[in-house]
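Reader: Could you walk me through this one before I set anything up? I'd like to begin with the core and then move on to the overall build.

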Amino acid sequence: MSAAYVAGLADVPVRRDLDGSFREVAWRLARAALADARLEKEALDALLVSPAGLAGPPSFMWSCQLAEYLGLELRVLAQLECGGMTGLALVRAAVRAVQHGDARAVLVLGMDCRFRPPDDVSHFLWSAAQTQMNLYGTHDALYGLGAPVPYYAMSAQRYMYEHAVPAEVIAEVAVALRRNAADNPRAAYREPLRGADVLASAMVCPPIHLYECSAFASGAAAVIIAAPELLPAGAPRLCVRALGEHHEPTYFAPPRAPLTSFPAAARAAARAYDEAGRRAADVNVAEVYGVFAATEAMLVEELGFAAPGRGAADFAQGRFAVGGGGPLLDPSGGRLSLGHPAGATPLYELCEVARRLRAGAGLGLVHAEHGMLNGSLVALVEREA
């Protein structure tokens, strides 16, 4: 099989709303990603997209509409959805298309927008009910859960009890991520944050405080996955070295499994490490899909970056900062400070890792998930010497 490379990057600042219609934003991102890859539009022979708003407006034949709007003649065209993992699932499909020779340059687009008022309120309410049922399943959805916070609160509470992790240490995860976001112009939240600020913020669902949550947001990002012969001379060559994936047979939260471990993330990472012939210790930079502070701590343990029960303490002690001895984790600010437009989040992660690799890092990891981490996908991207 041919190798597949991350050739072009483009993303917009994460904000409350998109700056323009879905089509306009997609057009701007396509142009920017092509310019970044130093490719002409005619080089694109595949387009893979998320639904226009993931959990938002209907997206029937959205990929076809977009292909016409962008004026692309294609060999491969599809829309794909797998919850919060969607963006990285699109990248996986793009990588496989290049590796198998079905395409030479794939434009991957992910976007999300949660704050635009519906045109038809009755249709919106019916869609919301369907989304609720699809997300939580036929049993839990009947309780009217409007957000997944209670599940993650139970998980955090149990984790803190089992490993004797105090709230003050969990809060430091949010502080570290905010520190990372300070220099990221795309991040939604960049103001300095102290542990005392986190603990003083509103209690959303014990033990989770407001500043320990990721926020719904709007955003869009694009990457171009290309064959090696299309890479410009002298440009950093960022090879997608491995993809690991695992899904548990559960709807959202596992009904009969512990809530303090996420085996899908651990197994996906193990498969990626094995495929690439690498270990967690080889990773220089990683973007992790932690939607709450305690979840982030648990995930870095599952991915092999920290010992069980040590994830939050390692954040607090600066181990995941520049020069801290571990990988640089979530330099974008993570889901808590970059913001979390779920339909595009994994592509933001990949853009951040790729920029760090272009700047000299050797091996990067991107993690994405769906449900309550009952499914995970891990990509390893390596800068070739």
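Predicted model: local features only at pLDDT ≥ 70, side-chain atom pairs only at ≥ 80, totals over all residues.

Reader: Which residues have the most contacts inside the largest nonpolar core?

Author: Leu107 and Phe305 have the most contacts there, in a core that has 138 residues.

Reader: Okay, and what does Asp314 touch?

Author: Not counting residues up to four places away in sequence, Asp314 touches Phe305, Ala306, Arg319 and Phe320. Asp314 itself lies in helix α10, which covers residues 311–316.

Reader: Is Asp314 buried or exposed, and why?

Author: Asp314 counts as buried because its relative accessibility is 8%, and the cut-off for buried is under 20%.

Reader: How far is Asp314 from Val173, C-alpha to C-alpha?

Author: Their C-alpha atoms are separated by 8.9 Å, although the two residues are 141 residues apart along the chain.

Reader: Switching to the whole chain, what radius of gyration does it have?

Author: The chain has 20 Å, which agrees with the value near 21 Å that a compact globule of 385 residues would have. Its C-alpha atoms fill a box of roughly 55 × 55 × 40 Å along the principal axes, and buried residues make up 54% of the chain.

Reader: And how many helices and strands are there?

Author: The chain has twelve helices and twelve strands. Of the contacts between residues at least 6 apart in sequence, 76% join residues at least 24 apart.

Reader: What about the charges, how far apart are their mean positions?

Author: The mean positions of the 33 positive and 40 negative charges are 4 Å apart.

Definitions and conventions:
Residues numbered from 1 in each chain as written. Heavy atoms only, no water. Core = buried A, V, L, I, M, F, W, Y, C linked by side-chain atoms within 4.5 Å. Buried < 20%, exposed > 50% of the residue type's maximum accessible area, 1.4 Å probe, protein only. Helix = DSSP H or I, 4+ residues; strand = E, 2+ residues; numbered from the N terminus. Rg over C-alpha atoms; globule rule 2.2 N^0.38 Å. Contact = heavy atoms within 4.5 Å. Lys, Arg positive; Asp, Glu negative; His and termini not counted. Charge placed at Lys NZ, Arg CZ, Asp CG, Glu CD.
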